[in-house]
Amino acid sequence: MKFHFLTLLCGVALSAGLFTACDDTASEIGTSIAGADVKIVVDSSFTASGKTVIVNTIRPKTSVQLIGRISVPEYGTLESDVVTQFLPSTELDTAEFTYENVDSIFLNLRYANSAFIGDSVAPMQLSVYPLTKQITSDITSSFNPDGYYNPTPLGTRTYNASTFKGKTTTSKEIDVKLPVELGRRLFKAFEDNPSDYANGQIFARDVFPGLYLRSTYGSGRLTQVTVCAMTVYLRKIYTPAGEEKPDTIEAEHLYYLTTPEVVSNNNIRYTMSDKLRDMIAQGHTMMIAPCGSEIEFTFPLQDIISAYRGHKGIAVINGLSMSIPVDSIENRLGVTPPPYALMVLKKDRDEFFAKNKLTDNITSFYATYNSATATYDFSSMRSYITTMLEKDEITPEDYTFSLVPVNVSFEQLANSGSYYYYQTTTSETESEIQPYATSPVMADVHIDKAKIKLTYSLQTQK
């Protein structure tokens, strides 16, 4: 039996109200104050406090499908099935073929060789059902597909993670044959009215609501599908003009694909282990996902402001950071801490995800889990403290945060060189931040031991 774990993937107020501009870097410290009586003050005397908050439902917006069931004694039991729409191609090959030439149609689920957690040889059965009505964009992880699908499956496939040959050297594919009548109906819908293929929402509303995918046999593995598509195979036999023998034209087209432009949802059911429940009852602050727990904590904003304003002289804030230590929880399948953590003001948490926001380093921040130091390091909080220093009144809404396990997606940006040198480099920028919903993760987060550091330059008055 083989076991494998999924590897995923300065302007600030002076004491007299002065502002200056610099970054959260050591090289900038003190550059806005000149004079022999300038010193660097580093104050790390602050502490935070928090509590675990159970999260039963999230709103994942993802094109990654999580399918299967896994039970980890230390983590709990996680099950996931999928409802998904498809983005259709806006051009079908009607020049050579008609709907009658559809020979077959397959659902293709592609996943990376390492994109599963559990037993690689345990047999699993995937069943595919047609949705009977359109799912909406406000769908959540607790969605119940009952009443949304026809219980007679379009197709089934028994598989394990070892038997399928890879489509590439890095990926494998689960193919499920669907009824040829489905392929012909979809092709004819385009022939009759190509405008129904204009976008995914029109297609889901007027032609094909989508599919429901679930495991109907087996347990012990969760698979992370990164490509979900339907491929149509076309075949036409005809006799060319002036010829006696018939000829055949064949074609293979990927006409339907799950993308971020359409609705796709992991329907998640998580039962927390007794071990984790006991730790929470004992006062541990825990991040568990998907649909497990996050942390609500009080950032020591008022103490920081009091300490900063208590100096004598002219001061400029150079940086504010928080490093939160984390303990991994030992388990037999290697479930790790979340790859990213979002720190967002509690009052803004729901809106942040509902409006697909990115962090602004004032009301929200994200940190990558550092496995070498076992910490989440929020190093760019300077704009937050300078904004708070401008306020006439500080309320609990200004310093009550949520710490949420998330996944961060990136996109590559091309940077052009100078006028004289035409070099082009690439850099990554965040493109999406969503609640973590693609594998089991858990961590014991020590909010009360977080290292919070305020750094400022101080010029004393003579």
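Mentor: Leaving out residues up to four places away in sequence, E294 touches K51, T52, V53, V55, M286, R349, S402, L403, V404 and P405, where a contact means heavy atoms within 4.5 Å. E294 sits in strand β18; helices (H or I, at least four residues) and strands (E, at least two) are DSSP runs, numbered from the N terminus. With a relative accessible area of 6%, E294 is buried; buried means under 20% relative accessible area, exposed over 50%, and partly exposed in between, with a 1.4 Å probe and protein chains only.

One of the residues it touches, R349, also makes a polar contact of 2.8 Å with E294, side chain to side chain. A polar contact is a pair of N or O atoms within 3.5 Å; within protein, one must be able to donate a hydrogen and the other to accept it, and residues adjacent in sequence count only if both atoms are side-chain atoms. Another of the residues touched is V55: 239 residues separate E294 and V55 along the chain, yet their C-alpha atoms are 6.8 Å apart.

A word on what you are looking at. This is a predicted model, in which local features need pLDDT of at least 70 and side-chain atom pairs count only at pLDDT 80 or more, while totals for chains, interfaces and linings use all residues. Residues are numbered from 1 along each chain as its sequence is written, and side-chain values use heavy atoms, with hydrogens and water left out.

C291 belongs to the loop between β17 and β18. At 9% relative accessibility, C291 is counted as buried, and its phi is positive, about 55 degrees, although it is not a glycine. The loop between β17 and β18 also holds P290, which is joined to A289 by a cis peptide bond with omega of about -5 degrees. Most residues other than glycine have a negative phi, and most peptide bonds are trans. A374 likewise has a positive phi of about 55 degrees without being a glycine; it lies in the loop between β21 (364–370) and β22 (375–378). Its relative accessibility is 21%, so A374 counts as partly exposed.

Further out, S273 lies in the loop between β16 (264–272) and α3 (274–281) and, at 5% relative accessibility, counts as buried. Beyond four places in sequence, S273 touches P73, E74, Y75 and G76. A polar atom of the S273 side chain is 2.8 Å from the backbone oxygen of E74.

T455, in strand β26 (residues 451–459), is another buried residue, at 10% relative accessibility. T455 and V42 are 413 residues apart along the chain, with their C-alpha atoms separated by 4.5 Å.

Finally, consider the confidence of the model. pLDDT is the predictor's confidence in each residue, from 0 to 100. Its mean over the protein chain is 87, and 87% of the residues reach 70 or more. Residues 1–32 stay under 50, and the model has 93 contacts for them beyond four places in sequence. The pLDDT is also below 50 over residues 417–422, a stretch with 1 contact in the model beyond near neighbours in sequence. Where pLDDT is low, the predicted coordinates should not be read in detail.
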